[in-house]
Amino acid sequence: MQQHALTGVDLKEKLQRIIIELMDAGGTDGFWAAREFLKSQLDPTDQADLEDLVSNVEFERIQAIANEILESELPEMSIRFQKKFDEFNSEYFSMRLPAYTIKVLYDVGDFHPPVESDGIIDRHRKLIRLRVSESESLMVATLLHEMAHAATNGYHEIKWMSEMARLRDLGAPILEFELE
Ligand SMILES: [Zn+2]
């Protein structure tokens, strides 16, 4: 195996992108993210070497960085979606929702295994965790999904459904299929 000249920043950025991609596709952990990263570094004709790479010392370092990313927040995104929460609260809820803290994370926890959750609300701690996605519209729709929980309860039953229908009728960018 040839030694790759990977600087820390470059490696981290690439891993971040791979993690978002894999999470959007259903989920990942540090191991699979590191494996996918090494795969992307290999010459396509070299794929047979992939399992050797996994047992390489370098692999553990990459996996550790991937795990660190999976546990981290994206502070600038959190600020952006915090603003969206305030805007939506005013636009669609007449400021009736209590103040929530919005955190955008690479992983919000596997509330619905094996598929990763896009968002989780903690109504007691007044906290909404959103998973970063390549799809901004998914993140916006997830925020509204969780805000509809904040306005009602934690279930996907009649109260929440009618709240979602109300949001749709106001023209809020929700996911239509969630009402089916
Ligand atoms: Zn829900």
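In what pattern do helices and strands follow one another when the protein is read along the sequence? The order is α-α-α-α-α-β-β-β-α-α, and the secondary structure comes to 7 helices and 3 strands, where helices (H or I, at least four residues) and strands (E, at least two) are DSSP runs numbered from the N terminus. The model is a predicted one, in which local features need pLDDT of at least 70 and side-chain atom pairs count only at pLDDT 80 or more, whereas totals for chains, interfaces and linings use all residues. Residues are numbered from 1 along each chain as its sequence is written.

Along its principal axes, the C-alpha trace of the protein spans about 60 × 30 × 25 Å. Of the 180 residues, 26% count as buried, a residue being buried if 20 or more other C-beta atoms, placed from the backbone, lie within 10 Å of its own, exposed if 12 or fewer do, and partly exposed in between. Among the contacts with a separation of 6 or more, 59% come from residues 24 or more positions apart, two residues being in contact if their C-beta atoms, placed from the backbone, lie within 7 Å.

The domain assignment gives domain 1 (8–70) and domain 2 (75–179), with bounds that come from an automatic or database assignment. The C-alpha centres of domain 1 and domain 2 lie 30 Å apart, and the contact takes 9 residues from each of the two domains. On the side of domain 1 that touches domain 2, the elements that give two or more residues are helix H1 (8–24) and helix H4 (57–70), and H1 gives the most, with 5 residues. By class, this side of domain 1 has 5 nonpolar, 2 polar and 2 charged residues, with Ala, Val, Leu, Ile, Met, Phe, Trp, Tyr, Cys and Pro counted as nonpolar, Asp, Glu, Lys and Arg as charged, and the others, Gly among them, as polar.

Helix H2 (residues 30–41) has 12 residues and reaches 17 Å from its first C-alpha to its last, close to the 16 Å expected at 1.5 Å a residue, the expected span being 1.5 Å times one less than the number of residues. The buried residues of H2 include Gly-30, Ala-33, Phe-37 and Leu-38. Helix H6 (residues 136–151), with 16 residues, reaches 23 Å between its first and last C-alpha, close to the expected 22 Å. In H6, the buried residues include Met-139, Leu-143, Leu-144, Glu-146 and Met-147, and what covers the buried residues of this helix includes helix H5 (75–93), strand S2 (119–122), strand S3 (127–131) and helix H7 (158–169).
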